[in-house]
Amino acid sequence: MLELYETNFELKNLEHAIALIEIVLEQYWNEDVGGLYSTSKNAEKLIIRPISSFDNAVPSGNSVAAFVLMRLARLLERDEWEDKAADIFQAFQNILQRTPTAHTQMSQAMQFVNDTSFEVVVAGDPYADDTKHML
């Protein structure tokens, strides 16, 4: 939804992205060590509740969530989400150092945090030709 918002700037897509990340944090967050469980707190109770950081053919939920949290935090100035992303990085710090090639998506999220970024503000009537052209 965040990618879609950045493509068409429709507020409903940003609102959906916000709602989804709030559900993810509420249902999957590991209060003890940070990071996200692989199963919802409302899911069937397992002997052990899995948590993973490995990016295989499909990136891990922790990697994607860290990246989305950072992007939303910067876009909306939500420091608490940036803190949650930092908690994810901290939770997997040791394994990231030992196996960086198994954490490509999380590395991308960390690069987003550490690289210089720029903001471009296009202000104007969203229906005017000159504004559309700039967008």
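This is a predicted model: local features need pLDDT of at least 70, side-chain atom pairs count only at pLDDT 80 or more; totals for chains, interfaces and linings use all residues.
Trainee: What mean pLDDT does the protein have, and which helix has the highest mean?

Mentor: The protein averages a pLDDT of 92, and 100% of the residues score at least 70. Among the elements, helix H7 (residues 129-134) has the lowest mean pLDDT, 88. The highest mean, 97, belongs to helix H2 (residues 11-28).

Trainee: How many aromatic pairs are found in the whole structure, and how are the rings of Tyr5 and Phe9 arranged?

Mentor: A search of the whole structure finds two aromatic pairs. In one of them, the ring centres of Tyr5 and Phe9 are 5.9 Å apart and the planes stand at 80°. Planes over 60 degrees apart count as edge-to-face, so the arrangement of Tyr5 and Phe9 is edge-to-face.

Trainee: Which parts of the chain does the pair of Phe67 and Phe112 tie together?

Mentor: Phe67 and Phe112 form an edge-to-face pair, with 5.6 Å from centre to centre and 70° between the planes. Phe67 lies in helix H3 (residues 61-76), whereas Phe112 lies in helix H6 (residues 104-114). The pair therefore ties together parts that are 45 residues apart in sequence, namely helices H3 and H6.

Trainee: What are the accessibility classes of Phe67 and Phe112?

Mentor: The limit for a buried residue is under 20% relative accessible area. Phe67, at 14% relative accessibility, counts as buried. Phe112 has a relative accessible area of 24%, so its class is partly exposed.

Trainee: Which rings have the charged ends of Arg71 and Arg78 over them?

Mentor: The charged end of Arg71 lies 5.4 Å from the centre of the ring it sits over, that of Phe67. For Arg78, the charged end is 3.9 Å from the centre of the ring of Trp81.

Trainee: How many salt bridges are counted, and which residues are linked with Arg71 in a network?

Mentor: The count comes to six salt bridges. One of these joins Arg71 to Glu3, with the closest N and O atoms 3.0 Å apart. Another joins Arg71 to Glu6, at 2.7 Å from N to O. The residues linked with Arg71 in the network are Glu3 and Glu6.

Trainee: How many residues apart are Arg71 and its partners Glu3 and Glu6?

Mentor: Arg71 is in helix H3, while Glu3 is in helix H1 (residues 2-8). Glu6 is also in helix H1. Both pairs link distant parts of the chain: Arg71 and Glu3 are 68 residues apart, and Arg71 and Glu6 are 65 residues apart.

Trainee: With which residue does Arg74 form a salt bridge?

Mentor: Arg74 counts as partly exposed at 27% relative accessibility. The closest N and O atoms of the bridge are 3.6 Å apart, and the partner is Glu82.

Methods:
Residues are numbered from 1 along each chain as its sequence is written. Side-chain values use heavy atoms; hydrogens and water are left out. Rings of Phe, Tyr and Trp (its six-membered ring) pair if their centres lie within 6.5 Å; planes under 30 degrees apart count as stacked, over 60 as edge-to-face and the rest as tilted. Helices (H or I, at least four residues) and strands (E, at least two) are DSSP runs, numbered from the N terminus. Buried means under 20% relative accessible area, exposed over 50%, partly exposed in between (1.4 Å probe, protein chains only). A charge sits over a ring if NZ of Lys or CZ of Arg is within 6 Å of the ring centre and within 35 degrees of the ring normal. A salt bridge is a side-chain nitrogen of Lys or Arg within 4 Å of a carboxyl oxygen of Asp or Glu. pLDDT is the predictor's confidence in each residue, from 0 to 100.
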